[in-house]
Amino acid sequence: VAFFKEGGPFMYVNIFWLSCALAVVVERVVTLMFRYNLNAPPFMEQVTKLVLTGNVDRAVKLCGAAPNAPLAKVIRSGLTRANRGELEVAKSVEEAILENTPHISARIQWLWSLANVATLFGLIGTIVGLIGTFKSLGNVPADQKQALLSKGISEAMNNTAFGLGIAVTCIIAHLFLTAYAKRMIEVVELNAMKLENLLGRRNA
């Protein structure tokens, strides 16, 4: 609390950017790890068994059990065209990938921008604090200048530290979420290709 109060008014501005960053992180973590999460290997194994035994309708219903997962949506899109030929399946799967994969990486790039904004506002707070301090030094007795200078420098450095702390948090979250989203997209694309090959072998 003392650290925050010593930072001056720009600390409140950075609190706003910190809140935005945390909102993005929490929303993406909940979405990717819970709403979109689907254990691909057992899911695809079950789909494969159903397709090879001719139970395509049951495979479609299986995909409906995970209505939010991009992988299930893409696989379902291919399965619904299973009897219309390989070209129709490929077109449907490609369309579903283009439609669903952007939602996986949505808003993650905001964190990089928020990191830059927080750093800049921290620096603005630093400059404003130093300007105010040096302007005040001319109007105080010599014995109080040291204390006033120390207070002003403390305010300036607190702003810098807080801004950089927010930036580091955003960058770490950005790296983690980007890697997680990239891996999820790769899993969707890989299993979409497996489905196309599976349906092609089945039709042959």
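Colleague: How far apart do the axes of helix H4 and helix H5 come, and at what angle do they cross?

Modeller: The axes of H4 (residues 56–64) and H5 (residues 70–79) come within 9 Å and cross at roughly 155 degrees. Axes here are lines fitted to C-alpha atoms over the stretch in contact, with angles from 0 to 180 degrees between N-to-C directions. Helices are DSSP runs of H or I with at least four residues, numbered from the N terminus. This is a predicted model, where local features need pLDDT of at least 70 and side-chain atom pairs count only at pLDDT 80 or more, while totals for chains, interfaces and linings use all residues. Residues are numbered from 1 along each chain as its sequence is written, and side-chain values use heavy atoms, without hydrogens and water.

Colleague: Why is H4 called roughly antiparallel to H5?

Modeller: The crossing is at roughly 155 degrees, and angles over 145 count as roughly antiparallel, so H4 is roughly antiparallel to H5.

Colleague: Which residues meet in that contact?

Modeller: Val56, Ala59, Val60 and Cys63 in H4 meet Ala72, Ile75, Arg76 and Leu79 in H5; contact means heavy atoms within 4.5 Å.

Colleague: What makes up that contact by residue class?

Modeller: Seven nonpolar, no polar and one charged. Val, Ala, Cys, Ile and Leu are among those that count as nonpolar, whereas Arg counts as charged.

Colleague: Which helix gives the largest share of the lining of the largest pocket?

Modeller: H8 does, with five residues. H8 (142–203) and H5 are the elements that give two or more residues to that lining.

Terms used: Parallel < 35°, antiparallel > 145°, perpendicular 65-115°, else oblique.
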